[in-house]
Amino acid sequence: MSKKFKILILLVSLSLSGFAQEKLSLQEAITIALQNNYDIKISKNQIDIAKNNANIGNAGMLPNLTGNYTNGGSIQNTRQTPATGPDRVITGAKSTNNSYGADLNWTIFDGFSMFANYDRLKELQKQGELNSRLTILTTVADVITAYYDVVRQQQLLIAADSAMDVSVLRTNIAKTKLQLGRGSKLDVLTAQVDYNADTSSYLQTKNTLQVAKVRLNQLMVRDIGTTFTVDSNIDVDKGILFSKMAELAEQQNPNVQNAFINQRIAALNLKSIRGARYPAISLNSGYSRANSTSPTGFNQKFAANGFTYGVTASINLFNGFLQRQNERNAKIEIDNSALTLNKTKLDVNSQLLTAYQNYSTYLDLIKLEQRNVDIAKENLDITLAKYRLGSIAPLELREAQRNAIDAQNRFIEMQYQAKIAETNLKAISGNIDLGK
């Protein structure tokens, strides 16, 4: 079997395996991750817990109704000595008591603390929803980063394959020159060494591509061995304005919104603590039924049933200055929440500006590296033509080849970094399109 025929069979088999692979778009990857990702599922469960907790019963607005039942007795040996007459001795006197009923207690006023608690529970629910949104944004950003890492490695693999093609061509030319008596064995060996180096680089890049695919499969929570292909290009949004991103971040960034909620929770906590300065008023009622027997008692049998009702009012007159201490601490927490809010805004703005500067720089570098790719390719074509004619040394061809490879790799890397910077910008501003 000839070498050319073997290569043909290899190419056909690779083509057939390529057709069998799934073509995965970015939108499909995000959709799968949103459905399967464990962090997102956990955050949704936490939202459900917060929703369950945000009710008037948990805030203390509803009455408490308690049922009770008691059944017991005793067996005693007794001796009773009356003022006149003989002693009365009873052996194994059995007494019984049985009671059941229900008690109702309803706090109708506690200094407005219950209303503050209810509002706090609703704020905690909003906070849970914000945390879930943050988890979703983070996951989508991770998926976008992982997806375009696969695209990057796929492009680098193509570039490495092109480098191998040039090395093969160079080796063939060197062999032909040697056969014609115009070359040397050293040129052939040098070409083969460079080809082996390019092959090693190709295999390493191929391995990195497979690792990137495993990472993306992991984020989508599916079989990490699933094979697929991705889009061939890295599309960068080149129309992002910093002023627009800053405005969106102020309104939509989950961390900033979370800090706002913490500030409201701190204020509600102070309101709840101040409620202890007011009287607490409760309504209470109940129904009970009781039966008892006592052979040794004055009444050998007793039975009673009926309702009870009443109003209870209490007020804290002095508790060792703890009320004042709790209020002071709550005010400090309000100050801390305001400081945290300002710090969060500053952090977000710093992250946003850094990401935008990176984004702008990488856009400029994309233009520069695109020109470098064109120049390096033209230089390689000219150098290769001269090498065919024997007018330049192999070292010059290898240098031109390396320049072309480096320019192509830098161009791919700048596209990827620009996409990462774009993704960071949109994640910080809370503006990642989940449909893309």
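Start by selecting Phe 115, which is partly exposed, with a relative accessible area of 42%. The model on screen is a predicted one.

**Stop 1: the rings around Phe 115**

A pair of aromatic rings is described by the distance of the centres and the angle of the planes. For Phe 112 and Phe 115 the centres are 6.5 Å apart and the planes make an angle of 40°, a tilted pair. Now extend the selection to Phe 109 and Tyr 278, which form one aromatic cluster together with Phe 112 and Phe 115. Across the structure there are nine aromatic pairs.

**Stop 2: Ser 113**

Stay in this stretch of the chain and pick Ser 113, in helix α4 (residues 113-180). Is Ser 113 buried or exposed? Ser 113 is buried, with a relative accessible area of 8%. Show its neighbours: leaving out residues up to four places away in sequence, Ser 113 touches Ser 272, Gly 275 and Ala 276.

**Stop 3: a ring pair between two strands**

Next select Tyr 287 and Phe 307. Their ring centres are 5.0 Å apart and the planes are at 50°, so this pair is tilted. The pair links distant parts of the chain, 20 residues apart: Tyr 287 belongs to strand β5 (residues 280-293) and Phe 307 to strand β6 (residues 301-314). Tyr 287 is partly exposed at a relative accessible area of 29%, whereas Phe 307 is exposed at 65%.

Follow the chain on from β6 to Phe 321, which sits in the loop between β6 and α8. Phe 321 is not a glycine, yet has a positive phi of about 65°.

**Stop 4: helix α6 against helix α8**

Select helix α6 (residues 242-252) and helix α8 (residues 322-389); their axes come within 11 Å and cross at roughly 150°. Angles over 145 degrees count as roughly antiparallel, which means that α6 is roughly antiparallel to α8. The crossing of α6 past α8 is right-handed.

Which residues in α6 and α8 meet? From α6 come Phe 242, Met 245, Ala 246, Ala 249 and Glu 250, and from α8 come Lys 345, Val 348, Leu 352, Leu 353 and Tyr 356. Sorted by type, the residues of this contact are eight nonpolar, no polar and two charged.

**Stop 5**

Thr 383 is buried, with a relative accessible area of 10%. Setting aside residues up to four places away in sequence, Thr 383 touches Ile 392, Glu 396, Leu 397 and Ala 400.

**Stop 6**

Select Ile 405, in helix α9 (residues 394-428). Ile 405 is partly exposed, with a relative accessible area of 21%. Draw a C-alpha to C-alpha distance from Ile 405 to Leu 353: these residues are 52 apart in sequence and 33 Å apart in space.

Now go to Lys 419, which lies in helix α9. Is Lys 419 buried or exposed? Lys 419 is buried, with a relative accessible area of 8%. Draw another C-alpha to C-alpha distance, to Asp 237: Lys 419 and Asp 237 are 182 residues apart in sequence and 7.8 Å apart in space. Leaving out residues up to four places away in sequence, Lys 419 touches Ile 144, Tyr 148, Ile 234, Asp 235 and Val 236.

**Stop 7: Val 221**

Select Val 221, in the loop between α5 (185-219) and β4 (228-229). Although Val 221 is not a glycine, its phi is positive, about 55°. Val 221 is partly exposed, with a relative accessible area of 23%.

**Stop 8: helices α2 and α3**

Finish with helix α2 (residues 26-36) and helix α3 (residues 38-53), which pack at an angle of about 45° with their axes 6 Å apart. The two helices, α2 and α3, are therefore oblique to each other. For the contact, display Ala 33, Leu 34, Gln 35 and Asn 36 in α2, which meet Tyr 38, Ile 40, Lys 41 and Lys 44 in α3. The residues of this contact are four nonpolar, two polar and two charged.

Notes: Residues numbered from 1 in each chain as written. Predicted model: local features only at pLDDT ≥ 70, side-chain atom pairs only at ≥ 80, totals over all residues. Heavy atoms only, no water. Axes fitted to C-alpha atoms, helices over the stretch in contact; angles between N-to-C directions. Helix = DSSP H or I, 4+ residues; strand = E, 2+ residues; numbered from the N terminus. Parallel < 35°, antiparallel > 145°, perpendicular 65-115°, else oblique. Left-handed = near helix turned anticlockwise from the far one by under 90°. Contact = heavy atoms within 4.5 Å. Nonpolar A, V, L, I, M, F, W, Y, C, P; charged D, E, K, R; others polar. Phe/Tyr/Trp six-rings, centres within 6.5 Å; stacked < 30°, edge-to-face > 60°. Buried < 20%, exposed > 50% of the residue type's maximum accessible area, 1.4 Å probe, protein only.
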